[in-house]
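Visitor: Hi! Could you walk me through this one?
Guide: Happy to. Have a look, then ask away.

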Amino acid sequence: MFIKRSLVQAVAGGVLVPAFLLFPPLEAFAKPTRLDCTLTSAGTDGKDTSRQASVTFDEEANTLVFDAGSQRRDLGKVTISTITIDGYTDDLSIGIDRSSWHIVVQTYAQDHVRAEFGVCKPAAAPAH
């Protein structure tokens, strides 16, 4: 019996299809993921303030980028697991829970720490 390696018999219809159609290329899984986030913090007047931010992470390259308007930061100390995504610099730390996409952003200054909490969602795929 001769088996052609480039064809695989599909289970549903008994049709031979090229194997590459059943198994996406590895680079399909290696793309960075962008999350759009709404961050909320308590203001000094007792009122909550909100702002939009995005976080882009790449599991394969182990990178994390935080972008909030004019503030774009590449975090250098990054840990990405199946449970959390964490990263920090000297004056900024980010923690994301992957099951809920909840985020905590802490900004450190000489005399205080600003904590913002929020929820992220995967960014919509760009239109082709």
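Visitor: Which residues have the most contacts inside the largest nonpolar core?
Guide: Those are F66, I96 and I103, in a core of 20 residues. A nonpolar core here is a set of buried Ala, Val, Leu, Ile, Met, Phe, Trp, Tyr and Cys residues joined through side-chain atoms within 4.5 Å, and buried means under 20% relative accessible area with a 1.4 Å probe, protein chains only. This is a predicted model, where local features need pLDDT of at least 70, side-chain atom pairs count only at pLDDT 80 or more, and totals for chains, interfaces and linings use all residues. Residues are numbered from 1 along each chain as its sequence is written, and side-chain values use heavy atoms, leaving out hydrogens and water.

Visitor: And what does I103 touch?
Guide: Its contacts (heavy atoms within 4.5 Å) include C37, L39, V55, F117 and C120, not counting residues up to four places away in sequence.

Visitor: How many disulfides are there?
Guide: There is 1 (a pair of cysteine sulfur atoms within 2.5 Å) in the structure. C37 and C120 form it, with sulfur atoms 2.0 Å apart. C37 lies in strand β3 and C120 in strand β11, 83 residues apart; strands are DSSP E runs of at least two residues, numbered from the N terminus.

Visitor: Is that pair buried or exposed?
Guide: Both C37 and C120 are buried.

Visitor: New topic: what is the strand order in the sheet?
Guide: The open sheet runs β6-β5-β4-β3-β11-β10-β9-β8-β7, with antiparallel pairing; strands pair if DSSP finds at least two bridges between them.

How values were computed
Buried means under 20% relative accessible area, exposed over 50%, partly exposed in between (1.4 Å probe, protein chains only). Helices (H or I, at least four residues) and strands (E, at least two) are DSSP runs, numbered from the N terminus.
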